[in-house]
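These are my notes from a first look through one structure.

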Amino acid sequence: MWLRRRPEQDPFAFGRERPEGDLPPGFRLRRVGPGEWVAEPTRWYLWATILTLAAFAVGGVAGAFAARAYYHKTATVLLLTINGTPFRQDDLRNRLEQRYGLEEISRFAVYELSRQFAEAKRCWPTDEQINKRMEVERAKPDYLERLAVWGMSEEVFKEELTLDMAQTNLLIRGIEVTPEEVRAFYQRNADPKNPTARYYIPDEIQVTAVATSTEEAARQALRELAMGVPWNVVATRYSEDPSRRAGGRMPPFSRGGSLFATNPATEAAVFAMRPGDRLGPVQAARMWWVLRCDNVWRRRTIPWNEAKEDARIGAMLVKGIAQNRQKLEQERQEFVRRSTITVLDPAYGVAQDAVLSRPIRW
């Protein structure tokens, strides 16, 4: 029978002593040599880990199949039928993608590249500046009417406004103006004789129109309106003017700023209307028109104390366009050339041809 020596009589006893200290849950010590121990998972912990990973794998596969089944179920929801021909949710999505997909991809590419370029130049407007500008735009009396005519949501309008603000900041980099230059800019743009005056706003009117190539068609449209048929329905049915896509609503215009100026008598009759008045059939631009007045804005001049900050930016732009525009375009082109644009679907290759140049609007 072998008797184990006491530790003090065994020179290798130190190698068989277990290290002191707490082990993490699920681990045990195993001796691998004199004075060498290793902490390893116990078997139940290993099996628990294996089972957990297997459960995640099975759950992932089951979830993928469930998501696929849910998508298939929702994508094939029947929206309507025309004489038995079905129109499903996926049909609608495909049509929307074909109609607006390239436009949205291109818009995103231009916006993102413009943002990165302007931020690199420290010219991207802050959220506070954007929100303040949006408040100014919303305060304009024809704000909602213009959005409706442009067929633009407020979100898209805000994006466009942000890009315009960034471009203005890029053009006025390093530009200084004197108070005299600012005042001179305001006076030029408050002059009623200046056709592009910014601070003098002439009489404006907005109308809903039905435009036809014959007087008889215009009278037929007028008869339907008299019967109570909505203007947007009649405009869609009869009008040959692009405004038919907005239910007949035309953008606001001033004297001499619309196709009605081709017939002075018709233009005078249009500007004599008040909100709610109807006119027509009248002739202008080789078309016959039935009109309804929606809004009228009387001429006014924006006072100096309201316009002086805007006039300061305008005076800076006059100099900035002359000094910075050409260099700015070169820098934009170089930025796009050096950017990495990876298109994973060849159908959206238009994103690789993003153009950052845009009209100067402020």
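Before placing any residue, I noted that helices (H or I, at least four residues) and strands (E, at least two) are DSSP runs, numbered from the N terminus. I also kept in mind that this is a predicted model.

**Entry: a surface patch.** With that numbering I looked up Leu79 and found that this residue lies in strand 3. Leu79 is partly exposed at a relative accessible area of 38%, and it belongs to a nonpolar patch on the surface, together with Val77, Leu80, Ile82, Leu92, Leu96 and Tyr100. Together the members of this patch have about 560 Å² of accessible area.

**Entry: aromatic pairs.** I then turned to the rings, for which a pair is described by the distance of the centres and the angle of the planes. The count came to nine aromatic pairs, and I followed two of them in detail.

Tyr143 and Phe157 form an edge-to-face pair, with 5.7 Å centre to centre and 70 degrees between the planes. Because Tyr143 lies in helix 5 (residues 143-150) and Phe157 in helix 6 (residues 154-171), this pair ties together parts that are 14 residues apart in sequence. Are these two residues buried or exposed? I noted a relative accessible area of 7% for Tyr143, which is buried, and of 10% for Phe157, which is buried as well.

Phe253 and Phe260 form an aromatic pair that I recorded as tilted, with the centres 5.6 Å apart and 35 degrees between the planes. Since buried means under 20% relative accessible area, Phe253 counts as buried at 6%, and Phe260 counts as buried at 0%.

**Entry: an aromatic cluster.** I next listed Phe185, Tyr186, Tyr199 and Trp304, which form one aromatic cluster. What lies over the face of Trp304? I found Arg183 there, at 3.9 Å from the centre of the ring.

**Entry: cysteines.** Last, I checked for disulfides, a disulfide being a covalent bond between the sulfur atoms of two cysteines. How many disulfides does the count give? The count comes to zero.

Conventions. Residues numbered from 1 in each chain as written. Predicted model: local features only at pLDDT ≥ 70, side-chain atom pairs only at ≥ 80, totals over all residues. Heavy atoms only, no water. Phe/Tyr/Trp six-rings, centres within 6.5 Å; stacked < 30°, edge-to-face > 60°. Buried < 20%, exposed > 50% of the residue type's maximum accessible area, 1.4 Å probe, protein only. Lys NZ or Arg CZ within 6 Å of the ring centre and 35° of its normal. Patch = residues over 30% accessible without salt bridge, like charges linked within 9 Å, V, L, I, M, F, W, Y side chains within 5 Å. Areas by Shrake-Rupley, 256 points an atom, 1.4 Å probe, with all protein chains shown as cover. Salt bridge = Lys/Arg side-chain N within 4 Å of Asp/Glu carboxyl O. Disulfide = S-S within 2.5 Å.
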